Amino acid sequence: MYPVSCRWMLVGLDPGSLDERDSSTSAAILAQARGSAPGRLVNQTGGNTGAVLLLRPPGVYPAQRDTWLLAEALRREPKVTGARVLDLGTGSGALAVAAARAGAAHVTAVDISRQALAATWVNARCRGLRVRVRRGDMVQPVLEERFDVIVSNPPYVPSELDRLPSRGLDRCYDGGIDGRAVLDRVCTGAPKLLDAGGVFLVVHSAVCGVSATLAHLAGEGLEASVVARCDHDFGPVFSARAQLLASRGLIADGQRTEELVVIRAVRPR
Ligand SMILES: C[S@@+](CC[C@H](N)C(=O)[O-])C[C@H]1O[C@@H](n2cnc3c(N)ncnc32)[C@H](O)[C@@H]1O
């Protein structure tokens, strides 16, 4: 059903942190990708994040700095062991895999993209991990369920228009005029799926407004704070939009770095 053999890419992240099991799995993946050429190995450094090799079909978000900053926060999260974890906008499944590796009892990954879910399924299965995949619009497929931990790296790059793309890589990045079109929906939807004591972890650029996210989550009854930050050189998407962002006053003229933040929000018991 899914074109697993067509132009999948291997994204190599922080090979130094791979454990033995990952190394052998990676070798198997590499062999598989070579057999179904033209596979490609791309090297990126995710820092000491426990980042792993991931298969990524074209059009699926390449796990990167924001992914690994959130994965790091997830790894530090004491509530993950034995938990029901939901990854909203899973992409290649990097965070879902991280949750399963951290000992979550049940991991559910949601995305609107079929290719993303196929990648997530493969990336989990080839590590012997169970991740349930559901296709749909953010919280829509899991409205009747409850979770202990929810993670999300939503599209948040401010874009030309508020109308969001319906396909392709832009769907992974575009966040509407202020970058908050999907982020605000996630901040409204995720808290309703949390059980008492549950935790929501979300990553985004400070360009979209950190205090706006904190206020939004407080309005949903959660206790929210920033738990991780890092400065980051603009990637290709932010660089291409630098002039647009400056014209809207979202960045200073000549600014070429952004701050990424992870916000942790808890539903009080
Ligand atoms: C920035 S990427 C993050 C991918 C992955 N979680 C990571 O951190 O590497 C955002 C993801 O959200 C998905 N997405 C965008 N709009 C969505 C929607 N309305 N419902 C579900 N997923 C959506 C995209 O397909 C993409 O995979």
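The model is predicted, and local features need pLDDT of at least 70, side-chain atom pairs count only at pLDDT 80 or more, and totals for chains, interfaces and linings use all residues.

**Stop one: the sheet.** Select the open sheet of seven strands, whose order is S6-S5-S4-S7-S8-S10-S9 with mixed pairing. Strands here are DSSP runs of E of at least two residues, helices are runs of H or I of at least four, and both are numbered from the N terminus. Two strands pair if DSSP finds at least two bridges between them. Look to the edges for S6 (132-135) and S9 (223-233); each has a single partner strand, so one side of each is left without a neighbour in the sheet. From one strand to the next, the twist averages 15°; angles run from 0 to 180 degrees between N-to-C directions, with axes fitted to C-alpha atoms, for helices over the stretch in contact.

Now pick S5 (residues 106-111), which runs parallel to S6 and is joined to it by four bridges. Show Asp111 and you will find its bridge partner in S6, Arg135.

**Stop three: strand S7.** Move to S7 (147-152). Six of its six residues are buried, so S7 is largely enclosed by the rest of the structure; buried means that 20 or more other C-beta atoms, placed from the backbone, lie within 10 Å of the residue's own. With S4, S7 pairs in the parallel sense over four bridges, and Leu88 has Ser152 of S7 as its bridge partner. S7 and S8 also run parallel, joined by five bridges; here Val151 is partnered by Leu201 in S8.

**Stop four: helix H6.** Select residues 181-192, helix H6, where Ala181, Val182, Leu183, Val186, Cys187, Ala190 and Pro191 are buried. Their cover includes S4 (84-88), S7, S8 (194-205) and helix H7 (210-219). Contacts here require C-beta atoms, placed from the backbone, within 7 Å.

**Stop five: H2 and H3.** Finally, select H2 (residues 65-76) and H3 (residues 94-101), which pack at about 20° with their axes 10 Å apart. They are therefore roughly parallel to each other, a label for angles under 35 degrees. Where do H2 and H3 meet? Thr67, Leu70, Ala71, Leu74 and Arg75 in H2 meet Ala94, Leu95, Ala98 and Ala99 in H3.

Key. Residues numbered from 1 in each chain as written. Parallel < 35°, antiparallel > 145°, perpendicular 65-115°, else oblique. Contact = placed C-beta atoms within 7 Å. Buried ≥ 20, exposed ≤ 12 C-beta atoms within 10 Å, placed from the backbone.
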